Amino acid sequence: MKELKCPHCGNVFTVDESDYAALLGQVKNAEFESELARRVHELEQNQQARVQAQQAADKAQMAAEKAQTQLQLQTLQAQLQQAEQQKQLAVAQVRQRATEEYMKKDQELAMLRTQMEEQTKALQEQVAYYKDMKLRLSTKMVGETLEQHCATEFARIRPLFPNAYFEKDNEVVEGTKGDFVFRDTSDDGVEYVSIMFEMKNENDETATKHKNEDFLAKLDADRKKKNCEYAVLVSMLEPNSELYNGGIVDMSHRFEKMYVIRPQFFVPLITLLCQTSRKSLDAKRELALVKAQQVDVTNFEEKLTAFKDAFGRNVRLANERFQDAIDEIDKTIAHLTKVRENLVKSGDNLNAADKKLQDVSVKRLTYKNPTMQAKFDEAAKK
C-alpha cells in the first residue's frame with residue numbers, strides 16, 4: 001500500500017500498488033504531454049525566430065551583394081568610360097602624329113622635288129651650253145674654249161690662292177708641253193703643291209673619236225719634265241662613260257698622282273689637292289731647310305770617325321777598370337752572403353729558444369712532481 005498526500009487539502013490516503021501505478025502513469029503522461037507541448041511550442045517559436053533571422057540575414061546579404069554589384073557595375077562603367085576616353089585620346093594623338101608626319105613628308109618631298117628640278121634644270125642648261133659650244137666651234141677651238149673656261153673658273157677663286165701661279169705652259173721641253181701649270185706656295189715661300197693640266201675635247205662631228213687613255217702617257221711625261229707633283233686631265237671625251245661622268249677618277253694605278261675629271265670638277269679638285277698638300281707643308285719646310293744648309297757629309301763622317309776612335313780608347317780603358325771593380329764586388333758579395341747565412345742560422349736558433357721559453361709554465365715544471373706542486377700551492381695561498 002502507498003500513502004499519498006493531497007497537495008491542496010493535505011489529506012493522506014492510501015492506494016494499492018496498481019492504483020498507485022495508474023495514478024503515477026496519469027501524472028507522468030500529463031506532464032510529458034504538457035512538457036512536450038511546451039517544447040514543441042518553444043521549438044516552433046525558435047524555428048520561426050531562426051527563419052525570420054535567416055530571412056533578415058538573407059535580405060541584408062542580398063542587399064549588400066546588390067549594393068556591391070551596383071558598385072562594381074559603376075566602377076566597371078567608369079573604367080569603361082575612362083578606357084573609351086583614353087582610346088579616343090590615343091586615336092586623336094595617332095591621327096595628329098600621322099597628319100604631322102604626312103605634312104613633314106609632303107614638305108620634304110616638295111623640297112626634294114624642287115631640288116631635283118633645280119638640278120635637272122642646271123644639268124640641262126650645262127648640256128645645252130656644251131652642245132651649243134660644240135656646234136659653233138671647230139675641233140681646235142673647242143679645246144681652246146675649254147682652256148678658256150678653266151682659266152675663267154680659276155679667276156673666280158683667285159682670292160682664295162693669293163700666292164698661286166696658274167698660267168699657260170708655253171715652254172716646250174723635248175718637243176712637248178702641257179696646257180696649264182698650277183703652283184702654290186706658303187707665306188714663307190715654300191712650294192707645297194704643283195699640278196700639270198691638260199684640257200681635251202672634240203666635236204660630235206669628228207670622225208676619229210679619242211679616248212682619255214690616249215693622253216695619259218704624254219701628260220705624265222709633261223708632269224715629270226716640268227717637275228710637277230700632280231697631273232690632271234680635264235676632259236670632255238667619252239661623254240657617255242659612267243666612270244668619267246661619276247666624278248673625280250683616280251688614275252694612280254696607271255700613272256703616279258694622276259686624275260681625270262670633267263670641267264665641273266676643276267675647282268673642287270684644285271681645292272682638294274691644296275688642302276691635302278698643306279698637311280705635309282711642315283715636312284717640305286724641313287726638306288727645304290736641309291737643302292739650304294748644304295751640310296758637308298764627308299767632313300761630318302771624318303769627325304764622327306775620329307770621335308768614335310777616341311771614344312773607343314776611353315771605353316777600353318774604362319772597361320779594364322770596370323772589370324777589376326766587378327771582381328772586387330763579386331768577392332764582397334760572396335763574403336756578405338756567407339755572413340748573411342750565419343746570421344740567418346743564429347736567428348733561427350734564437351727563435352727556437354724563444355719558442356721554448358714561451359712554452360715554460362709552472363704547470364709544466366711541476367708535472368708529476370707532487371712535492372713542488374704542494375710548495376707552489378702553498379705559496380699561492382699565502
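1. Contact here means heavy atoms within 4.5 Å.

2. This is a predicted model, in which local features need pLDDT of at least 70 and side-chain atom pairs count only at pLDDT 80 or more, while totals for chains, interfaces and linings use all residues. Residues are numbered from 1 along each chain as its sequence is written, and side-chain values use heavy atoms, with hydrogens and water left out.

3. The average pLDDT of the protein chain is 78, and 75% of the residues score at least 70. Confidence is lowest in strand β1 (residues 2–5), with a mean of 62, and highest in strand β8 (residues 258–261), at 95. Helices (H or I, at least four residues) and strands (E, at least two) are DSSP runs, numbered from the N terminus.

4. An open sheet of 6 strands has the order β3-β4-β5-β6-β8-β7, with mixed pairing. The edges are β3 (165–168) and β7 (249–250); each has a single partner strand, so one side of each lacks a neighbour in the sheet. Two strands pair if DSSP finds at least two bridges between them.

5. Phe-166 stands opposite Phe-182 of β4.

6. Two helices pack on this sheet. Helix α3 (residues 216–225) touches β5 (191–200), β6 (230–235) and β8, and its direction makes about 150° with that of β5. Helix α5 touches β3, β4, β5, β6 and β8, at about 155° to the direction of β5. Axes are lines fitted to C-alpha atoms, for helices over the stretch in contact, and angles run from 0 to 180 degrees between N-to-C directions.

7. Strand β6 is largely enclosed by the rest of the structure, because 6 of its 6 residues are buried. Buried means under 20% relative accessible area, exposed over 50%, and partly exposed in between (1.4 Å probe, protein chains only). Tyr-230, Val-232 and Val-234 point one way from β6, Ala-231, Leu-233 and Ser-235 the other way, and all are buried.

8. β5 and β6 run parallel and are joined by 6 bridges; Lys-200 stands opposite Ser-235 in β6. The pairing of β6 with β8 is also in the parallel sense, over 4 bridges, and there Val-234 stands opposite Ile-261 of β8.

9. Ser-277 lies in helix α5 (residues 266–278). Its relative accessible area is 2%, so Ser-277 is buried. The side chain of Ser-277 reaches the backbone oxygen of Leu-273 at 2.9 Å. Beyond its neighbours within four places in sequence, Ser-277 is in contact with Tyr-192, Val-193, Glu-229 and Tyr-230.

10. Met-251 sits in the loop between β7 and β8 and counts as buried, at 4% relative accessibility. Its contacts, leaving aside neighbours within four places in sequence, are Glu-213, Leu-216, Met-258, Tyr-259 and Val-260. Met-251 and Val-232 are 19 residues apart in sequence, with a C-alpha to C-alpha separation of 9.5 Å.

11. The structure holds 0 disulfides, a disulfide being a pair of cysteine sulfur atoms within 2.5 Å. Cys-228 counts as buried at 5% relative accessibility, and Cys-274 counts as buried at 0%.

Definitions and conventions
pLDDT is the predictor's confidence in each residue, from 0 to 100. A polar contact is a pair of N or O atoms within 3.5 Å; within protein, one must be able to donate a hydrogen and the other to accept it, and residues adjacent in sequence count only if both atoms are side-chain atoms.
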